[in-house]
Each structure stands twice: as C-alpha cells, then as structure tokens.
Amino acid sequence: MGTLGKAIHTVGFWIRETGQALDRLGCRLQGNYYFQEQLSRHRTLMNVFDKAPIVDRDAFVAPSASVIGDVQVGRSSSIWYGCVLRGDVNSISIGSGTNIQDNSLVHVAKSNLSGKVLPTIIGSNVTVGHSAVLHGCTVEDEAFVGMGATLLDGVYVEKHAMVAAGALVRQNTRIPCGEVWGGNPAKFLRKLTEEEMTFISQSALNYTNLAQVHAAENAKSFDEIELETMLRKKFARRDEEYDSMLGVVRETPPELILPDNIIPDKAPKAA
C-alpha cells in the first residue's frame, strides 16, 4: 500500500471513529431512554495493509472464522467456525479440498531460534481436526492432523501421514509417509493401515460436501429461512398409523432434502 493508500485508509478510519463518537454522545443525551446497537467489528476476510487473502470462489469460509493477510485458500477447501488463519508476518497456503475444522489456529514464523523464516503450507485433501495449532509448518497432500494436535516451527508432515489427536510435534520434526505419530512429545507409534489411508481421503471428501451445505445455509435470506421453518412444521413426520387413519401421505418438499452424500443412510445401495 502506497502513501496515498495509507492516507485514504487513515481518513476512513477517523470518519468511522467520529461516527461512533457521535453515537455515544447521542446515547448520553438520551439518558435512561437510549437504545444502543452493538456493532461487531469482526471481518471474516481482512487485509494487513497490502497483504490480502485470496479465497477461491468454491471454498467455504465460515462467518465466524478470521482469514487475515497473506493467505491463499484453494478450490473446495473449507475453513470452519472459529478458525483463525493469520498470515501477517509470512504467508499461509492451503490447497484444494482441504478442511480446517472449528477453532483451529494457523500461523507463521518470521523469526525463531533456528533463524528460519517459515510460511505455513498445507496441501490438498488434508484434514485438520478441531482446535489444532499449526505454526510455521508444512503438511503434504492427504495427510491427517488430529483434534487438539500442535505442530511447531519447521515440522514436516509427509503425504498419507497422521498426527494423532492431542499430539505435540516438536520443532523441525519430519513425519514420514504412512506413519502415525502421537504423544507429548510426539513419537512414532505404528504404520497406517490401508483402511486408514482410505479414511483420510474420504474424510476430506465428506467435509467438502458438508461445506457446500453450510455455505448454502449461510447464504439464505430471512424469507427463505422463514419459509423452511413453516414447511418443516407442516411436513413434520407423525406416526404411520396416525397418518393412515387420516388418509394422509406425507412427502418431504425438495427444499428440505439434503444431498445423499451428507446422509449415508439415504445413499442408494448397490444391487
């Protein structure tokens, strides 16, 4: 951002602050009869001067998440509720089909004991569990980071590797392909099975599909929400015997049907 851009940003800031000061003054003059609306300053996507997030149009970023600065989010990836991705002193890169689950934190390193400047690089079809912390590390494609795990500066997780839930992976540790590491500090536990490798890929796909549902729900207008509420009440399921007595046949409206890949029981069974 050049000098002119910074000047315009500063003028805009002072105009907003002046408006809020006038609002506070008006509330005081109204005495006990005032009503003050609390305005949230939260921004899902936020610049840090000239560093702006780049999010693919097919990616899902939850309204309560914070994606800040030099962050790239690839196609069909999802950043879930309460996540913070802060690319202020370095960059964060996320591939396609990756999910960063609720309350996780992704940050970067400008300086550390080893003197390395470390971005955070997360590949494609990666699953990062709830409340994980990734700091200045690299996670390759189709890897799995469990809930509450912490990856410190310089950690390298290879493809098809798994970090167990709650693990603490120390600086500059490399987790080889096909291995499970866990504990505090994290150590090699065992090899991944074929079923577990398949599960990692399927987990990423499941979250991609689920993110589409959440994106659609978050995009609904007030009128659409009210209509669906009315339809759910109208077409609420009752006992089959009760319906047969009334001669009622209930069919779920298309608006209330979720995709088959979200509800496994609805998926058509192979003959």
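How many helices and strands are there in the protein chain? There are 4 helices and 20 strands, taken as DSSP runs of at least four residues (H or I) for helices and at least two (E) for strands, numbered from the N terminus.

This is a predicted model, where local features need pLDDT of at least 70, side-chain atom pairs count only at pLDDT 80 or more, and totals for chains, interfaces and linings use all residues. Residues are numbered from 1 along each chain as its sequence is written, and side-chain values use heavy atoms, with hydrogens and water left out.

View 1. Eight strands make an open sheet with mixed pairing, in the order E3-E5-E7-E10-E13-E16-E19-E20. Two strands count as paired if DSSP finds at least two bridges between them. Strand E3 (60–61) and strand E20 (187–191) are the edge strands with a single partner each, so one side of each has no neighbour in the sheet. Further in, E7 (residues 99–100) and E10 (residues 127–128) run parallel over 2 bridges, with isoleucine 100 opposite valine 128.

**View 2. Strand E19 and its two partners.** In E19 (residues 179–182), Glu179 and Trp181 point one way while Val180 and Gly182 point the other, and all are buried; buried means under 20% relative accessible area, exposed over 50% and partly exposed in between, with a 1.4 Å probe and protein chains only. E16 (residues 162–163) pairs with E19 in the parallel sense over 2 bridges, and methionine 162 sits opposite valine 180. With E20, the pairing is antiparallel over 4 bridges, and tryptophan 181 has phenylalanine 188 as its bridge partner. E19 and E20 form a hairpin with 4 residues between them, and glycine 183 in the turn shows a positive phi of about 105°.

**View 3. Nonpolar cores.** A nonpolar core here is a set of buried Ala, Val, Leu, Ile, Met, Phe, Trp, Tyr and Cys residues joined through side-chain atoms within 4.5 Å. The largest has 34 residues, and Ile79, Leu134, Leu151 and Val157 have the most contacts inside it. Strands E4 (66–73) and E6 (84–94) are the elements giving two or more residues to this core. Apart from it lies another core of 6 residues, including Phe144, Met162, Val180 and Leu192. Zooming in on isoleucine 79, its contacts (heavy atoms within 4.5 Å) include Phe60, Val67, Leu85 and Ile100, leaving aside residues up to four places away in sequence.

View 4. Rings of Phe, Tyr and Trp (its six-membered ring) pair if their centres lie within 6.5 Å, with planes under 30 degrees apart called stacked, over 60 edge-to-face and the rest tilted. The whole structure holds 6 aromatic pairs. Tryptophan 80 is in the loop between E5 (78–79) and E6 and tyrosine 207 is in H2, so the pair ties together parts 127 residues apart in sequence. Tryptophan 80 counts as buried at 3% relative accessibility, and so does tyrosine 207 at 19%. Ring pairs also link Phe60, Trp80, Tyr81 and Tyr207 into a cluster.

**View 5. Charges over rings.** The cut-offs are NZ of Lys or CZ of Arg within 6 Å of the ring centre and within 35 degrees of the ring normal. Lysine 6 lies over the face of phenylalanine 49, at 5.5 Å from the ring centre. Arginine 174 has its charged end over the ring of tyrosine 156, 4.1 Å from the centre.
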